[in-house]
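Have a look at it before reading on.

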Amino acid sequence: MSKQFKVLVSRRLPVDVAARVDQDYDAVLNQEDDRYSTEALLAAAEGKDALMVSSSDKLSADVLAKMPDTVRIIATVSVGYEHIDVDAATKNGIIITNTPDVLTEATSDTGMLLLLAAARRAHEGQALVRENKWQGFAMDYNLGVDLMNKRLGILGMGRIGRALAHRAAAFGMKIHYHNRSRVSADLEAYAGDAEYHEDADEMLPICDFLSIHSPLTPETAKFLNAERIAKMPDGAIVVNTSRGGVVDDEALIAALKSGKLRAAGLDVFEGEPNIHPEYRNLQNIFMLPHIGSGTVETRNAMGFCAVDNLDAVLAGKAAITPLN
Ligand code: 8YV
């Protein structure tokens, strides 16, 4: 590349990805990771051909309407795109791309980590050892529950839901799923011979475990509310690697306090990083700071996927993973 095109990158990139952007483009990087306000981002976008953003950049219809005309593509380094009004981008002639596929395995590994940690009370066990409160062996102490032979409901059978199902089946779980539409027989077989439920509410009563993989949309916002938790078996376990907004925090917290739900494993939260403070007081919850895709290999692959999209679009070709 001849550094012909100007690119603005809103957040710090993995070093190898940053080096490629810097080598191929007339780039404004942000390796200090200072946060842009919306106004500052729009000002910095002036004269740029492309933007690389992340899920912390909120690109509403208003913001996209003000985007300089020079901007042809905005590549988000994430698979989720609830932070971008894709229809508004289309109206403004801006191509939006995301980073599907490359983070499927890492994120579903995190889902498995949450399932195991919640079932086996990893947070409480860890605290006992770290705080020097471990009294030695007792038959009945810090007991968790098995995954083997339990029913796992998958809400949203996209790539990550299927990969999690595949893993959980290897742990002996019986897989059920709800998705807007039934997936192919091949994909159901890969996902541990998963059984389809057309109605999510009808699936909940058989979910010993529930793993959330739905994107956050107006339809899925606060999907897991008090009424739906009440439909689940007593002592069920909920894990979420999707978006915090799919869960009603107050309802989940009440159910974890009452014992209706045995435990939860959460990698994502509404309003991150300012999570509902009550979560921190609960012992029966295993929490991670949104690191679903957080491996060296995967973050590199996400960054390179975004750059591949810039390369294609700026060279006049079709985007590789377009959203519009
Ligand atoms: C990202 C994610 O790390 O890709 C997504 O949608 O949730 C994570 O993998 C995060 O959103 C950073 O952009």
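How many Å separate an oxygen atom of the ligand from an N or O atom in the side chain of Ser55? The distance is 2.6 Å, and please keep in mind that this is a predicted model.

| Residue | Part of the residue | Distance to a ligand oxygen |
|---|---|---|
| Ser55 | side-chain N or O atom | 2.6 Å |
| Val77 | polar backbone atom | 3.2 Å |
| Gly80 | backbone N or O atom | 2.7 Å |

The ligand exposes 320 Å² when taken alone, and the protein buries 87% of that area. Among the residues around the ligand are also Ser54, Ser78, Val79, Leu103, Arg243, His290, Ser293, Arg299 and Met302.

Next comes helix α11, which covers residues 249-258. Its N-terminal end is capped by Asp248, with a side-chain oxygen 3.1 Å from the backbone nitrogen of Glu250. Within the helix, Asp249, Ala251, Leu252, Ile253, Ala255 and Leu256 are buried. These buried residues pack against α10 (226-231) as well as the strands β11 (261-266) and β12 (285-287). After α11 comes Gly259, with a positive phi near 90°.

Tyr141 sits in the loop that runs between α6 (122-130) and β6 (151-155). Is Tyr141 buried, partly exposed or exposed? Tyr141 counts as partly exposed because its relative accessibility is 32%, and partly exposed spans the range between under 20% for buried and over 50% for exposed.

Definitions and conventions
Residues are numbered from 1 along each chain as its sequence is written. This is a predicted model: local features need pLDDT of at least 70, side-chain atom pairs count only at pLDDT 80 or more; totals for chains, interfaces and linings use all residues. Side-chain values use heavy atoms; hydrogens and water are left out. Helices (H or I, at least four residues) and strands (E, at least two) are DSSP runs, numbered from the N terminus. Buried means under 20% relative accessible area, exposed over 50%, partly exposed in between (1.4 Å probe, protein chains only). Contact means heavy atoms within 4.5 Å. A polar contact is a pair of N or O atoms within 3.5 Å; within protein, one must be able to donate a hydrogen and the other to accept it, and residues adjacent in sequence count only if both atoms are side-chain atoms. A residue is near a molecule or strand if one of its heavy atoms lies within 4 Å of it. Accessible areas come from the Shrake-Rupley method with a 1.4 Å probe; for residues, only the protein chains shown count as cover.
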